Amino acid sequence: MQAVPDATTPASAGGGDAASHLAIEGVRLVYDTSRGPLVALDGLDLQVGRREFVSVLGPSGCGKSTLLKLVTGLLPPSAGRITLAGAAVRGPRPDVGIVFQQPTLLPWRNVLNNVLVPIRARGASVRAHRDKALELLKLVKLDAFARHYPHELSGGMQQRVGIARGLVHDPALLLMDEPFAALDAMTRETMMDELQQIWMSTPTSILFITHSIPEAVYLSDRVAVMGPRPGRIVETVAVDLPRPRGLETMADPRFIELTTHLRSLFREMPEAEA
Amino acid sequence: MAEGLKLAAASLTTFVALILAWEGAILLFDLPAYVLPRPGAIAEALSRGWIGGFLWPHAWFTLQGAMIGFAFGAVAGIIAGMIVAEIRVASLAIYPIVIAIQSMPTVAVAPLIIVYFGVGLPSKIVTVALLCFFPVFVNTVAGLRAADPRLIDLYRAASASRLRMFLDVKFPGAIDHIMSSLQIALVLAFVGCVVSEFIASTAGLGHIIKSFANDLNVSVMFAAILSLAAMGAITGFAVTLAHRRIVFWRAR
Ligand SMILES: Nc1ncnc2c1ncn2[C@@H]1O[C@H](COP(=O)(O)OP(=O)(O)O)[C@@H](O)[C@H]1O
Ligand SMILES: [Mg+2]
């Protein structure tokens, strides 16, 4: 059905192969707090292949957002290595896109200019990227709203602007930090479908943070489960459901099997609130 | 629209009732005109002052003192706020000075300002500027510091310059705070100007109020007070309107 069938085939689960697009190895992160050092992450390993969709699932406070900050290069790890597209991550990496839990748009800029924010921030030519931005707005079904302002859009629409903004500079990797957590259940399901479509039609890898088990299974090639603090990956589960996934996927016995397995993992965790 | 009409009708009713109660109280308690003049006498003083024209130069004097001082104070407050919010070292240097100045009640310093700047307009402008500076300064700092850290991260990830971050994210985000502080500063501007006129002045509505108090001419005092209220209301409305226009994205 899709022109790029190999994008849907997950890389062999885990396994730190040299071809990994994003490789996180033995990463540790310690925050200095007023009550002494706080070990947020310790011994964390995770790989994301080219065009792969990987979810990180974990209870709140386990260090998921911290992990994303490390990948953007905004926060240096206390120990361990992170490489992206063959180069070590040291300092800000402009080739990653970020989508937050809240849309976090500039309320004084219209939708088109909000999508162009990463271009403007780079000091690159906004004009040269206009067509790209409009194309992405079409992809997120907001081409009719290019001149609208964020306060004129619904929460789901604003979040779609945020996704288009994350992709406008053709990032090698898109980081999404619980992007649907603030949306109502109905919008959430639509957005899951749309994200799958967006991912299938763009050549980007996605590292997707969530604490919703069905969301993770529905969207991902692999689900990495993080344990409570200090965060590390306790298990990686390959999702071998065919794509594109749809309504019937959630009724698939394999889907139920996978979500049940993941649930049982969280049951065993101490102080888990996922 | 209907709501607005209802509000207007209610306000008018209150106003008329107040005037009637006023007249009634004067008749009932037989109050002399030097304590509480009849509304008619105030209306007469107002028309003498405004149509006859003798209040004109005084209103203009006060308006100039308040507005020019307001402009200086607000601009200085915004600039100092930007420096303090953006430059760490400068913030350490400027903050103690600002706090020291702020701890002195400006009204107490006003006579000193007259000694240095004379009884004319300059002393009014300086007093007003000093009063207006602080709220604008504090709100500019708060507004700039309230920038969404995720947006800042987005710009940092793109290795954006600090200037770009400031122009794109921080300053536009602070405008709402700044506009609110202008509202406060405006009220202080008229207070500051009138206080300075009370102390010593060649003109101004505050000067009128004070001089006519000496001859117990209460109706002219009321006329000056009402003129001040009208000037405050009109300029306040202008600032509110500008606030809504500029910060169009805030639902109100
Ligand atoms: N800047 C920081 N300074 C100190 N502690 C932090 C900081 N950011 C996060 N933490 C702590 O690190 C842990 C992980 O946080 P976070 O990565 O936000 O978790 P998650 O996104 O999984 O909810 C939490 O205990 C949090 O309180
Ligand atoms: Mg988080």
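In this predicted model, A:Arg245 sits in the loop that runs between strand 10 (233-238) and helix 8 (253-268) of chain A. A:Arg245 is buried but takes part in no salt bridge, and the nearest side chain of opposite charge, that of A:Asp221, is 4.7 Å away. A salt bridge would call for a side-chain nitrogen within 4 Å of a carboxyl oxygen. What the side chain of A:Arg245 does reach is backbone: the oxygen of A:Tyr218 at 2.9 Å and the oxygen of A:Val239 at 3.5 Å. Beyond its neighbours within four places in sequence, A:Arg245 is in contact with several residues, including A:Asp193, A:Gln196, A:Val217, A:Leu219 and A:Ser220. The loop between strand 10 and helix 8 of chain A also holds A:Pro244, and the peptide bond leading from A:Arg243 into A:Pro244 is cis, with omega near -5°.

One of the contacts of A:Arg245, A:Gln196, is itself among the buried residues of helix 6 of chain A. Helix 6 covers residues 185-201, 17 residues in total, and spans 25 Å between its first and last C-alpha, close to the expected 24 Å. Other buried residues of this helix include A:Met191, A:Met192, A:Glu194, A:Leu195 and A:Trp199. The buried residues of helix 6 pack against both strands and helices of chain A, among them strand 3 (53-57), helix 4 (130-139), helix 5 (155-167) and helix 7 (213-219). Helix 1 (residues 64-72) of chain A is mostly covered as well, with 7 of its 9 residues buried. A:Lys64 and A:Thr66 belong to this buried set, as do A:Leu67 and A:Val71. After helix 1 comes A:Gly73, with a positive phi near 85°.

Positive phi values also turn up away from glycine. A:Arg51, in the loop between strand 2 (36-48) and strand 3 of chain A, has a phi of about 65°. In chain B, the loop between helix 9 (205-214) and helix 10 (218-246) holds B:Leu216, whose phi is near 55°.

Turning to charged pairs, the count is 22 salt bridges over all chains. A:Glu52 and A:Arg222 form one of them, at 2.7 Å from N to O. Because A:Glu52 lies in the loop between strand 2 and strand 3 and A:Arg222 in strand 9 (residues 222-226), this pair ties together parts of chain A that are 170 residues apart in sequence. Both A:Glu52 and A:Arg222 are buried. In chain B, B:Arg38 and B:Glu23 form a salt bridge with their closest N and O atoms 3.2 Å apart. B:Arg38 is in the loop between helix 1 (2-29) and helix 2 (39-50), while B:Glu23 is in helix 1, 15 residues away. Here both partners are partly exposed, B:Arg38 at 44% relative accessibility and B:Glu23 at 21%.

A further salt bridge joins B:Arg164 and B:Asp168 at 4.0 Å. The two residues share helix 8 (residues 162-199) of chain B, about one turn apart. B:Arg164 is partly exposed at 30%, whereas B:Asp168 is buried at 5%. The pair belongs to a network of salt bridges that also includes A:Arg109 and A:Arg120.

Finally, the disulfide count over all chains is 0. For B:Cys193, the closest cysteine sulfur is that of B:Cys132, 10 Å away and so too far for a bond. B:Cys193 is buried, with a relative accessible area of 0%, and A:Cys62 is likewise buried, at 1%.

Definitions and conventions: Residues numbered from 1 in each chain as written. Chains lettered and ligands numbered in written order. Predicted model: local features only at pLDDT ≥ 70, side-chain atom pairs only at ≥ 80, totals over all residues. Heavy atoms only, no water. Helix = DSSP H or I, 4+ residues; strand = E, 2+ residues; numbered from the N terminus. Buried < 20%, exposed > 50% of the residue type's maximum accessible area, 1.4 Å probe, protein only. Lys, Arg positive; Asp, Glu negative; His and termini not counted. Polar contact = N/O pair within 3.5 Å; in protein donor to acceptor, adjacent residues only side chain to side chain. Contact = heavy atoms within 4.5 Å. Expected span 1.5 Å × (residues − 1). Disulfide = S-S within 2.5 Å.
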